[in-house]
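Here's a quick briefing to read alongside the picture. Take a look at the structure, then work through the points below.

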Amino acid sequence: MFVIRGRDILFSTRVLYMLQKALLFTTLIQIKIWVSLKVGILILLSEETEQTKFFEELLSMSSIAAVLWVAASSPNPDPMNTCGLVRALESSRVFSRCQSQRVSNGRRKQTTKIMSCRRGRSSVVSSSLVVNPAGEMTLSSEEKVYNVVLSQAALVNEQLRSTSPVLDDVKKPQDTVRPGSLSLLGEAYDRCGEVCAEYAKTFYLGTLLMTPERRKAIWAIYVWCRRTDELVDGPNASHITPMALDRWEARLEDLYRGRAFDMLDAALADTVTRYPVDIQPFRDMIEGMRMDLRKSRYNNFDELYLYCYYVAGTVGLMSVPVMGIDPKSKATTESVYNAALALGIANQLTNILRDVGEDARRGRVYLPQDELAQAGLSDEDIFAGKVTDKWRNFMRLQLKRARMFFDEAEKGVTELDAASRWPVWASLLLYRRILDEIEANDYNNFTKRAYVGKVKKIAALPLAYAKSVLKVSS
């Protein structure tokens with residue numbers, strides 16, 4: 001009679017485990033060689049379809065390799081765990097197909113659109129991978145920015161948990177009030193309001209629809225953003241150096257530590273202690289100013305998207321914690337931040353399309369160079385300032401993209417706190433109409449400046465109010 005002893009089973013198990021591990025490591029080495037060869041081949045590829053096929057293969061092999069590495073490194077010598085490995089490999093194939101689709105879509109459309117999908121409390125962004133000149137795959141600008149979005153949303157969620165009624169052991173820090181400090185602080189906020197009223201009349205009127213506390217905080221944020229922008233676009237712009245921007249960033253760091261340099265700084269220093277406004281969007285805006293000093297052309301929309309985030313999308317991320325999210329909203333915090341980001345991108349794209357002629361006179365072209373070339377246009381055509389059929393067709397596509405971002409932004413405006421929805425809706429509708437005015441000017445943004453007249457501005461307010469009350473997007 002054949003008897004199976006326990007030590008025989010243990011010995012067989014260990015042998016099988018060693019064989020399995022050797023096989024997995026062999027496979028990993030083969031994959032490594034394959035990837036090395038493929039990366040070299042990538043540089044020689046010129047056809048878009050061949051590049052897309054390459055990405056699909058590379059993503060598939062990379063995801064499988066990751067699973068094999070985990071399996072080979074696992075301390076569990078259980079040969080019966082093969083089913084789990086098979087399921088993991090299947091998951092990796094599904095993942096690689098999704099990633100391949102993202103690459104394909106991103107390369108076809110040459111646009112980036114934030115797609116927020118909710119599963120429970122999760123939110124993801126759809127974007128393409130980017131290949132740098134060395135043939136290496138890197139994250140697109142959209143995905144880099146989305147990491148900041150997640151950070152801001154996490155900060156707000158943390159504050160919501162800390163102020164929840166069920167967390168009785170969490171105490172909010174009490175403000176230290178010094179003699180005369182409240183009157184000085186009130187004066188600082190009033191000065192911010194005066195600056196806002198002087199330089200952004202329409203925006204200022206919109207802030208008057210907010211609660212007094214939120215209004216003052218938005219004024220403080222606006223003034224800091226304007227002062228930052230003036231560094232490179234103001235009367236002293238020709239004297240600004242990267243070192244000056246470094247000093248401005250150091251001053252920002254001091255501001256967040258409660259060390260205000262002047263009255264306007266003091267207002268923002270108080271705001272960031274009252275709302276969960278993270279410092280990163282402020283740093284990123286300064287980075288946008290650095291970009292303006294060293295860059296006057298953008299090779300593709302991925303580069304332009306990052307610039308738009310730096311100089312305008314950041315404002316949306318700064319503002320959401322102050323605006324507040326409707327307590328009854330079922331949307332994720334990430335999706336609301338995505339919408340705020342989209343509104344900032346849409347506004348900046350609108351600025352760019354409105355100011356083509358003005359920027360050209362300063363030697364700047366804020367339009368994707370590859371898309372200009374595809375339309376049969378060049379910088380010389382822009383400097384000539386002549387409206388042609390090629391220019392009209394090119395502008396139609398640019399306007400379509402800007403409207404796409406406005407559409408994405410609308411989804412989040414409906415989720416803001418009721419007291420903030422009306423002014424944001426008004427701002428969105430008025431800025432979006434600038435695109436209509438560009439069309440009405442027959443796409444002549446070389447010598448004609450598109451703007452929304454007073455009558456149209458007034459007419460937009462009831463519509464904005466109706467949208468804010470009914471919580472519907474167009």
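A nonpolar core is a set of buried Ala, Val, Leu, Ile, Met, Phe, Trp, Tyr and Cys residues joined through side-chain atoms within 4.5 Å. Buried here means under 20% relative accessible area, exposed means over 50%, and partly exposed is in between (1.4 Å probe, protein chains only). Keep in mind that this is a predicted model, where local features need pLDDT of at least 70 and side-chain atom pairs count only at pLDDT 80 or more, while totals for chains, interfaces and linings use all residues. Residues are numbered from 1 along each chain as its sequence is written, and side-chain values use heavy atoms, leaving out hydrogens and water.

**The core**
- The largest nonpolar core holds 104 residues.
- Trp224, Tyr309, Leu367, Ile382, Trp391 and Phe405 have the most contacts inside this core.
- Helix 11, spanning residues 301–323, gives the most to it, with 15 residues; helices (H or I, at least four residues) are DSSP runs, numbered from the N terminus.
- What does leucine 367 touch? Leaving aside residues up to four places away in sequence, its partners include Tyr298, Ile352, Ile382 and Trp391, where contact means heavy atoms within 4.5 Å.
- As background, nonpolar side chains in soluble globular proteins tend to be buried together.

**The cysteines**
- How many disulfides turn up in a search of the whole structure? The count is 0, with a disulfide being a pair of cysteine sulfur atoms within 2.5 Å.
- Cysteine 192 is in no disulfide, and its nearest cysteine sulfur belongs to cysteine 196, 9.1 Å away.
- Cysteine 192 counts as buried because its relative accessibility is 0%.
- Cysteine 308 is also at 0% relative accessibility, so it counts as buried.

- Most residues other than glycine have a negative phi.
- Aspartate 442 isn't a glycine, yet it has a positive phi of about 60°.
- Aspartate 442 sits in the loop between helix 17 (418–440) and helix 18, and it counts as partly exposed because its relative accessibility is 37%.
- Tyrosine 443 lies in the loop between helix 17 and helix 18, and its phi is positive too, near 65°.
- Is tyrosine 443 buried or exposed? Its relative accessibility is 8%, so it counts as buried.

**The end of helix 18**
- Leucine 470 belongs to helix 18 (residues 454–470).
- Leucine 470 has a relative accessible area of 59%, so it is exposed.

Note on methods:
Helix = DSSP H or I, 4+ residues; strand = E, 2+ residues; numbered from the N terminus.
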